[in-house]
Amino acid sequence: MLKIIVGIKWVPDTADVKFDPVKGTIIREGVESIINPPDLNAIELALALKEKYGGEVYVISMSPPSAIKGLKMAVAMGVDKAFLVSDRKFAAADTLATSYTLSCAIKKIGSYDLVIFGEETIDSATGHIGPEVGEMLGIPHLSYVTEVQEVDLQQRTIKMVREVEDGVEFFQANLPVVISVGVGINTPRYPIPLRRLLTELETNKYIETWALNDIGADPEKVGFKGSPTRVVKVIAAPMPARRLEIREASGETVKLFIKRLKEAEII
Ligand SMILES: Cc1cc2nc3c(=O)[nH]c(=O)nc-3n(C[C@H](O)[C@H](O)[C@H](O)COP(=O)(O)OP(=O)(O)OC[C@H]3O[C@@H](n4cnc5c(N)ncnc54)[C@H](O)[C@@H]3O)c2cc1C
């Protein structure tokens with residue numbers, strides 16, 4: 001039996017992301033949010049491992065209360081229980097404070113074999129959280145995992161593959177371990193309509209909310225206070241200006257031009 005914890009982040013849909021240039025933060029008000037797409041791969045892996053080896057899958061998210069919608073979706077996908085780690089004191093956390101808060105919540109859950117994170121988020125994309133949480137829990141961690149080959153429940157080991165630029169790497173680690181999974185490791189399943197209904201009817205059975213005091217976190221190490229990073233300035237990347245140029249050319253020249261574009265895989 002495996003006890004698996006998956007970290008998911010509730011992120012603004014990137015198509016809508018806007019920055020507050022003065023505060024240096026993302027404007028979240030009035031913006032649709034979604035589960036960070038790579039975290040759906042992490043949930044899928046956890047559910048597939050549960051189906052193979054038995055056990056339980058828990059999801060945690062340090063998010064504002066609106067993330068409950070995402071946690072319900074995770075439960076509807078088949079997750080056994082979800083924890084919303086939410087407190088005003090967690091606001092303006094950088095990755096260090098976020099990882100500290102998540103590691104306190106994981107310790108509160110207690111025993112676990114595997115903690116799975118997505119590769120990175122679509123709104124901040126540091127890829128810090130997995131390795132930082134691993135360090136804070138004092139257990140091994142491996143990023144960019146593209147396959148879990150085998151879990152040996154007797155020996156308490158896990159075999160994994162990681163794709164790198166010029167090949168693949170094979171790892172074996174002792175459980176418990178923290179991993180972050182590469183995008184494309186699997187195809188996330190759709191939520192099951194019956195579980196969606198059950199989650200709506202019995203939300204409290206499936207979703208628990210924890211504040212600062214519930215997870216025994218040090219108030220000095222969370223949120224803005226616990227964040228050594230300061231965003232000095234945020235600027236939107238300028239889009240390159242497009243220039244339209246009209247030239248006359250014979251049919252043969254046009255054909256050659258199209259051929260060259262295809263060769264260069266531009267079209
Ligand atoms: C100075 C500063 C101020 C900031 N202020 C705010 C703010 O006010 N509000 C705000 O929301 N963000 C804020 N951020 C962003 C915040 O630091 C990141 O959202 C957070 O630390 C996660 O980092 P990331 O998105 O790069 O995650 P990554 O490291 O790219 O994420 C990897 C994986 O970790 C997991 N993960 C990431 N975040 C969470 C989470 N919260 N809960 C569970 N799992 C998670 C997911 O599985 C994800 O795929 C601020 C950042 C800085 C530097």
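This is a predicted model: local features need pLDDT of at least 70, side-chain atom pairs count only at pLDDT 80 or more; totals for chains, interfaces and linings use all residues.
**Entry 1. Overall make-up**

I began with the whole chain. I counted 7 helices and 13 strands in the protein chain. The C-alpha trace spans about 70 × 45 × 40 Å along its principal axes. Of the 267 residues, 33% count as buried. I then looked at contacts between residues at least 6 apart in sequence, and 71% of these join residues at least 24 apart.

**Entry 2. The sheet**

Next I traced the strand order. An open sheet of 9 strands runs β11-β10-β9-β12-β8-β1-β6-β7-β13, with mixed pairing. β11 and β13 (207-210) are at the edges with a single partner strand each, so one side of each has no neighbour in the sheet. From one strand to the next, the twist averages 30°.

β9 (residues 141-152) and β10 (residues 157-164) run antiparallel and are joined by 6 bridges. Within this pair, V148 has M160 of β10 as its bridge partner. β10 and β11 (residues 167-174) also run antiparallel, with 8 bridges, and here E163 stands opposite V168 in β11. The hairpin of β10 and β11 has 2 residues between the strands, while the hairpin of β9 and β10 has 4.

I116 stands opposite I179 in β12. Helix α4 packs on the sheet and touches β1 (2-7), β8, β9 and β12, and its direction makes about 180° with that of β12.

I looked up where α2 (residues 68-77) sits. The helix lies across β6, β7 (81-85) and β13, and runs at about 165° to β7. Is α2 mostly covered or mostly uncovered? I found 8 of its 10 residues buried, so I note it as mostly covered. The buried residues include K72 as well as L71, M73 and V75.

G78 follows α2 and has a positive phi near 130°. This glycine lies in the loop between α2 and β7. G78 has 18 other C-beta atoms within 10 Å, and is therefore partly exposed. Leaving out residues up to four places away in sequence, G78 touches L47, I192 and R195. I also checked G78 against E56: the two are 22 residues apart in sequence, and their C-alpha atoms are 9.9 Å apart in space.

In soluble globular proteins, nonpolar side chains tend to be buried together. I looked for such a set here. The largest nonpolar core has 59 residues, of which V6, I43, A46, V59, A74 and I116 touch the most other members. α1 gives the largest share of this core, 7 residues.

I followed V6 in particular. Apart from neighbours within four places in sequence, V6 is in contact with A42, I43, A46, V57, V59 and I116. A74, another of these core residues, is among the buried residues of α2.

**Entry 3. Around the ligand**

Which of the 35 residues around the ligand come nearest? I noted G7, G118, S124, T126 and I129. The elements giving two or more residues to the shell are α1 (37-53), β6 (55-62), α3 (95-109), β8 (114-118) and α4 (129-137). I sorted the shell residues by type and got 13 nonpolar, 16 polar and 6 charged.

**Entry 4. Backbone exceptions**

Most residues other than glycine have a negative phi, and most peptide bonds are trans. I listed the departures I came across.

- A125 is not a glycine, yet its phi is positive, about 55°. A125 is in the loop between β8 and α4. With 11 C-beta neighbours inside 10 Å, A125 counts as exposed.
- R156 also has a positive phi, near 55°, in a residue other than glycine. R156 is in the loop between β9 and β10. With 13 C-beta neighbours inside 10 Å, R156 counts as partly exposed.
- The peptide bond from L175 to P176 is cis, with omega near 0°. P176 is in the loop between β11 and β12.

Notes
Residues are numbered from 1 along each chain as its sequence is written. A residue is near a molecule or strand if its C-beta atom, placed from the backbone, lies within 6 Å of it. Ala, Val, Leu, Ile, Met, Phe, Trp, Tyr, Cys and Pro count as nonpolar, Asp, Glu, Lys and Arg as charged, and the others, Gly among them, as polar. Two strands pair if DSSP finds at least two bridges between them. A residue is buried if 20 or more other C-beta atoms lie within 10 Å of its own, exposed if 12 or fewer, and partly exposed in between; C-beta atoms are placed from the backbone. Two residues are in contact if their C-beta atoms, placed from the backbone, lie within 7 Å. Axes are lines fitted to C-alpha atoms, for helices over the stretch in contact, and angles run from 0 to 180 degrees between N-to-C directions. A nonpolar core is a set of buried Ala, Val, Leu, Ile, Met, Phe, Trp, Tyr and Cys residues joined through C-beta atoms within 7 Å.
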